[in-house]
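The following exercises concern a predicted model. Each task is followed by a solution in steps.

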Amino acid sequence: MIVSKEQERAKKAWELVNTVPTGAAEKYKSLVKSAPVMILTNGLGQTLAFILSKVKGQNEYLMLYSHLQQWLGGNIPWSQNSKNKDNLIERIMYENSQINRMATEEALSFLSWVKRFASARIPDEAEDEE
Amino acid sequence: MFKEAKVMFIYTESSLHCGSGTSLGVIDLPIQREKYTDYPVCQASGVKGVVREWFENKYDEKDPKIKWTFGPDFGRGDGDAHAGAATFTDARLLLFPVRSLNGVFAYTTSRFALSRLKRDLVMAGVKVDWSLPAESGDKIFGVAGSKIADSNNKVVLEEYTFDFQAEDGAKAIAEWIADNAIPKGAEYDFWRNKVKTDLLILPDNAFKDFVKLSTEVQARIQIDNKTKTVKSGALFYEEALPSDTLLYSVVMSHDPACDTEKRPDGLKTSSEVMTFLCGIDKERLQFGGDATIGKGIVNVNFLNGGAK
């Protein structure tokens, strides 16, 4: 059965958003909404570094990082430069710029779905800050 | 098929937003793009509309020359459907400015964009001497002595480093574009000279990535008039092509769609239609949206000044 890339992104995004525990849900939704523009403005590397700097325990930053790592890990043709690295940010550091740009576009497309599902699955607290 | 054709170069003097409606992606208001390349474009319908509006401002909007050139305006009750005598193609991207570590910015293009320009020039009956340099792998071709390359022959565009190679082929293309496509006024001397030295021919994949990721993205909000703070829920992101982008559209003409006796004076043949259309040569027009916040101001320059 031929499945489109968009369907695969949607499937994974749906699965991952549904694993977010209720406690961190509101903060996760907020973060995921601002992440795509952060990547577009600052670059994928800077954004990942920022996310890592905010990780504390099992908070929303750790979850987003893990979700990006899970998706990008298997969906980018990483080259020999970075295949041996487990950490997503290390792969970004060691890869050539063309693969990096590919990873950036893929992260944006994937986050589009995550953002949409987070909005749908996680109810609003107060006035929504779109 | 058309009888006459002229290439019209469009140089952006302020950011250009030819919108494609709203989107659910990262950017709420993206610009128009070609489906099969993702290159930014300005749809022909937008180009034609702005050109018509210019003529309606310059002449009386009821002038029959406008009706026969652009078609009847049913909104004003012009009867009798007929096709206009002018045709415009989509405005296609030729030069895209990208921030550079050296030299402020570089005019980037690709073999794809240049090949298409050459093909469109042939369609318009124009012969050029330059040809594309051979495939470069990951290298960027440019002009010897370019301010963009550093002493190690590296070019840094945004945050990406490329190997640079000076090529006579690139120099010939840069000079042709500078002498023929860039507006002719003295106020453009700096830019014309910059194209001659700072034109870069990027690998196709790299150029595609830049025109996707390096457009201007503006965050816009609304201020609540009472509290003077940002209104909740009113944040949106809008995309635009930067200033100093060069696009081109091919303008074509037919004979007006009626018997010769009925045609207005000055519009008897396709040649006269083209002469009429060349009225916008060297003029400034405003394309796309956000006109009242200064977007879309462009300088129009016909190849060979509209002459044959």
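**Exercise 1.** State the volume of the largest cavity and characterise its lining.

*Solution.* Step 1: the volume of the largest cavity is about 30 Å³. Step 2: a search of the whole structure with a threshold of 30 Å³ or more returns one cavity. Step 3: the lining consists of L16(B), C18(B), I31(B), V41(B), C42(B), L241(B) and L247(B). Step 4: sorted by class, these lining residues give seven nonpolar, no polar and no charged.

**Exercise 2.** Determine the area that chain A and chain B bury between them, and identify the three residues of chain A that supply more of its share than any other three.

*Solution.* Step 1: about 1500 Å² is buried between chain A and chain B, with 57% of it on carbon and sulfur atoms. Step 2: on the side of chain A, 40% of the area buried against chain B comes from L40(A), R101(A) and E105(A). Step 3: in residue terms, chain A contributes 16 residues to the contact and chain B contributes 17 residues.

**Exercise 3.** Find the salt bridge across the interface of chain A and chain B, then describe the side of chain A that touches chain B.

*Solution.* Step 1: the rule, with its cut-off of 4 Å, finds one salt bridge across this interface. Step 2: the side chains of R101(A) and D209(B) form a salt bridge at 2.5 Å, N to O. Step 3: α2 (22–42) and α6 (97–121) of chain A each provide at least two residues of the side that touches chain B. Step 4: α6(A) gives the largest share, nine residues. Step 5: by class, this side of chain A holds four nonpolar, four polar and eight charged residues.

Note on methods: Residues are numbered from 1 along each chain as its sequence is written. Chains are lettered from A and ligands numbered from 1 in the order in which they are written. This is a predicted model: local features need pLDDT of at least 70, side-chain atom pairs count only at pLDDT 80 or more; totals for chains, interfaces and linings use all residues. Side-chain values use heavy atoms; hydrogens and water are left out. Contact means heavy atoms within 4.5 Å. Buried area is the accessible area (1.4 Å probe) that two parts lose on being put together, summed over both. Helices (H or I, at least four residues) and strands (E, at least two) are DSSP runs, numbered from the N terminus. Ala, Val, Leu, Ile, Met, Phe, Trp, Tyr, Cys and Pro count as nonpolar, Asp, Glu, Lys and Arg as charged, and the others, Gly among them, as polar. On a 1 Å grid over the protein atoms alone, a cavity is a set of points where a 1.4 Å probe fits but cannot get out, and a pocket is an open set with protein on both sides within 12 Å along at least five of seven lines; lining residues have an atom within 4 Å of a point. Grid points are joined across faces, edges and corners, and a volume is the space filled by probe spheres set on the points.
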